[in-house]
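Open the structure in your viewer and keep the selection tool at hand. Each stop below tells you what to select and what is there.

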Amino acid sequence: MSEMETTNDQNPAPKRKEKKPSRSQMRSASRRLALQAVYQWQMNQSAISEIETQFVMNEEQEMNACDKLYFRELLQGVTASAKKLDNLFEELLDRPLSELDPIELAIMRIGSFELSQRLDVPYRVAINESVELAKGFGATESHKYVNGILDKLAQRVRREEIAARRNS
């Protein structure tokens, strides 16, 4: 152990500054919280304002580590346009929408929202973030299903972006 690392009363170890999360880490945290909030809305149809307030006021929700504006945009955008988002991916499913697991449905809605409404988010990021949510919250193989559906959706709604990426 070096002298700088000693931890006695006379020579305490230097305190390390906590690193501020990056923008992408904050966005990922926003998506995780939005997933939980959208799931809650799907399950009990509470008012969005109530759900948002619960998340903002709850210290355990890690709101300090997320992009609060992005969380709000995802929550409000996904819930306000849920039917429209469902219509974007419903025909790509191998089963009726009503048979989707509620977590998968919430993830698909968030991914569809980002693909169709947030053109500033690269399509690969939107898909990857949704896959990561499915790995963390979904059933064992749901990430593969989410990946397949959102990839097909991206082919439709981000055709130009995908073509440009292939040509570069």
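**Stop 1: a salt bridge**

Select arginine 95 and glutamate 104. This is a predicted model, and in it the two side chains form a salt bridge. Their closest N and O atoms are 3.4 Å apart. Side chains of opposite charge can pair when their charged atoms come close. Arginine 95 is partly exposed, at 29%.

**Stop 2: helix 5**

Select residues 102–117. This is helix 5, and its mean pLDDT of 97 is the highest among the elements of the chain. The helix has 16 residues. From its first C-alpha to its last it reaches 22 Å, close to the 22 Å expected at 1.5 Å a residue. How many of the 16 residues are buried? The count is 13, so helix 5 is largely enclosed by the rest of the structure.

Step to aspartate 101. This residue caps the N-terminal end of helix 5. One of its side-chain oxygens lies 2.9 Å from the backbone nitrogen of isoleucine 103.

**Stop 3: a link from helix 5 to helix 1**

Select glutamate 114 and arginine 31. Their side chains meet in a salt bridge, 2.9 Å from N to O. The pair links distant parts of the chain: glutamate 114 sits in helix 5 and arginine 31 in helix 1, 83 residues apart.

Arg31, Glu114 and Glu129 are linked in a network of salt bridges.

**Stop 4: serine 116**

Stay in helix 5 and select serine 116. At 22% relative accessibility, serine 116 counts as partly exposed. Its side chain reaches the backbone oxygen of serine 112 at 2.8 Å. An α-helix has 3.6 residues a turn, so residues three or four places apart point the same way.

Which residues touch serine 116, leaving aside its neighbours within four places in sequence? Show Leu85 and Leu88: serine 116 is in contact with both. Draw a distance line from serine 116 to leucine 85, C-alpha to C-alpha. The two are 31 residues apart in sequence and 8.4 Å apart in space.

**Stop 5: another salt bridge**

Select arginine 118 and aspartate 120. They form a salt bridge, with the closest N and O atoms 2.5 Å apart. Arginine 118 is buried, with a relative accessible area of 12%. Aspartate 120 counts as partly exposed, at 48%. How many salt bridges does a search of the whole structure find? It finds 13.

**Stop 6: two rings**

Hide the charged side chains and look for aromatic rings. The structure holds one aromatic pair. Select phenylalanine 55 and phenylalanine 71 to see this pair. Their rings are tilted, with 35° between the planes, and lie 5.8 Å apart centre to centre. Phenylalanine 55 belongs to helix 2 and phenylalanine 71 to helix 3 (residues 68–80), 16 residues apart.

**Stop 7: a loop residue**

Select glutamine 45. Where is its place? Glutamine 45 is in the loop between helix 1 (23–44) and helix 2 (48–57). Check its backbone angles. Glutamine 45 has a positive phi of about 55°, although it is not a glycine. At 53% relative accessibility, glutamine 45 counts as exposed.

**Stop 8: the whole chain**

Zoom out and show the cartoon. The chain has eight helices and zero strands. Buried residues make up 42% of its 168 residues. Among the contacts with a separation of 6 or more, 70% join residues 24 or more positions apart.

**Last stop: confidence**

Color the model by pLDDT. The chain has a mean of 88, and 88% of its residues reach 70 or more. Find helix 8 (residues 159–167): its mean of 86 is the lowest among the elements. Then select residues 1–7. Here pLDDT stays under 50, and the model has eight contacts beyond four places in sequence for this stretch. Where pLDDT is low, the predicted coordinates should not be read in detail.

How values were computed
Residues are numbered from 1 along each chain as its sequence is written. This is a predicted model: local features need pLDDT of at least 70, side-chain atom pairs count only at pLDDT 80 or more; totals for chains, interfaces and linings use all residues. Side-chain values use heavy atoms; hydrogens and water are left out. Helices (H or I, at least four residues) and strands (E, at least two) are DSSP runs, numbered from the N terminus. Buried means under 20% relative accessible area, exposed over 50%, partly exposed in between (1.4 Å probe, protein chains only). pLDDT is the predictor's confidence in each residue, from 0 to 100. Contact means heavy atoms within 4.5 Å. The expected span of a helix is 1.5 Å times one less than its number of residues. A polar contact is a pair of N or O atoms within 3.5 Å; within protein, one must be able to donate a hydrogen and the other to accept it, and residues adjacent in sequence count only if both atoms are side-chain atoms. A salt bridge is a side-chain nitrogen of Lys or Arg within 4 Å of a carboxyl oxygen of Asp or Glu. Rings of Phe, Tyr and Trp (its six-membered ring) pair if their centres lie within 6.5 Å; planes under 30 degrees apart count as stacked, over 60 as edge-to-face and the rest as tilted.
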